[in-house]
Amino acid sequence: MRKSRTGKMNTIICFWEYQPHKGPEPGDEEKVILYKARAEVYDPSKKDLEVLNGKETKKAVTVVIRDTRGSYIPSNKHYVEIEDYRLQGKWNIIDVRNDISENRFITIILGMIDDV
């Protein structure tokens, strides 16, 4: 696992999901923020690219956040926004790796399927 240091976690990311309309209209449209965090964001490693193999992603990044100790559990049903002008758009969570041995960080591979 890539060693992360607090000094590299300088990008704010936001995890969110869609919630059904409150009115009579069908469908999902309301965005609900689930968790905000500081993250280290970098290009996918070879190991991460193997996970992405077969996924139809146009772009991919890997993010590392501090372990949330259960206050938020990343899911592939959630989306991520990265507060960086170079990485704007709706990112899908492709894979989540927990740091089981040290319980310090969570590594998340993100893919962008549609250009926004």
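The model is predicted. Its mean pLDDT is 84, and 85% of the residues score at least 70. Strand β4, residues 79–82, has the highest mean pLDDT, at 95. Helix α1, residues 46–52, has the lowest, at 77.

The protein contains 1 helix and 6 strands. Along the sequence they follow the pattern β-β-α-β-β-β-β. The protein has 116 residues, of which 36% count as buried. Its accessible surface comes to about 7,600 Å². Carbon and sulfur atoms account for 46% of that surface. Contacts that span the sequence were also examined. Among contacts between residues at least 6 apart in sequence, 59% join residues at least 24 apart.

Strands β4 and β5 run antiparallel and are joined by 2 bridges. Strand β5 covers residues 91–98. Within β5, W91 stands opposite V80. Strand β5 also pairs with β6, residues 105–112. This pairing is antiparallel too and extends over 6 bridges. One of the bridge partners in β6 is I106, which faces N98. Strands β5 and β6 form a hairpin, with 6 residues between them.

The turn of this hairpin holds N103, whose phi is positive, at about 55 degrees. N103 is not a glycine. It lies in the loop between β5 and β6 and is partly exposed, with a relative accessible area of 36%. R69 also has a positive phi of about 55 degrees, although R69 is not a glycine. R69 is located in the loop between β3, residues 59–66, and β4. R69 is exposed, with a relative accessible area of 62%.

Two buried residues illustrate packing between parts of the chain. T11 belongs to strand β1, residues 11–20. Its relative accessible area is 12%, so T11 counts as buried. With residues up to four places away in sequence left out, L87 touches V41, V61 and I82. L87 and A60 are 27 residues apart along the chain, and their C-alpha atoms are separated by 9.7 Å.

Aromatic rings were considered last. A pair of aromatic rings is described by the distance of the centres and the angle of the planes. The count comes to 6 aromatic pairs. One of them joins F15 and Y35, with 6.3 Å from centre to centre and 45 degrees between the planes. This pair is tilted. F15 lies in strand β1 and Y35 in strand β2, residues 28–42, so the pair ties together parts that are 20 residues apart in sequence. F15 counts as buried, because its relative accessibility is 0%. Y35 is partly exposed, with a relative accessible area of 23%.

Y35 also pairs with Y72. The ring centres of Y35 and Y72 are 5.3 Å apart and the planes are at 5 degrees, so this pair is stacked. Y35 is in strand β2 and Y72 is in the loop between β3 and β4, so the pair ties together parts that are 37 residues apart in sequence. Y72 is buried, with a relative accessible area of 5%. F15, Y35 and Y72 form one aromatic cluster. Its members thus include buried F15, partly exposed Y35 and buried Y72.

Charged side chains also sit over aromatic rings. The charged end of K31 sits over the ring of W16, 4.8 Å from the ring centre. K90 lies over the face of Y79, at 4.8 Å from the centre of that ring.

Definitions and conventions: Residues are numbered from 1 along each chain as its sequence is written. This is a predicted model: local features need pLDDT of at least 70, side-chain atom pairs count only at pLDDT 80 or more; totals for chains, interfaces and linings use all residues. Side-chain values use heavy atoms; hydrogens and water are left out. pLDDT is the predictor's confidence in each residue, from 0 to 100. Helices (H or I, at least four residues) and strands (E, at least two) are DSSP runs, numbered from the N terminus. Buried means under 20% relative accessible area, exposed over 50%, partly exposed in between (1.4 Å probe, protein chains only). Two strands pair if DSSP finds at least two bridges between them. Contact means heavy atoms within 4.5 Å. Accessible areas come from the Shrake-Rupley method with a 1.4 Å probe; for residues, only the protein chains shown count as cover. Rings of Phe, Tyr and Trp (its six-membered ring) pair if their centres lie within 6.5 Å; planes under 30 degrees apart count as stacked, over 60 as edge-to-face and the rest as tilted. A charge sits over a ring if NZ of Lys or CZ of Arg is within 6 Å of the ring centre and within 35 degrees of the ring normal.
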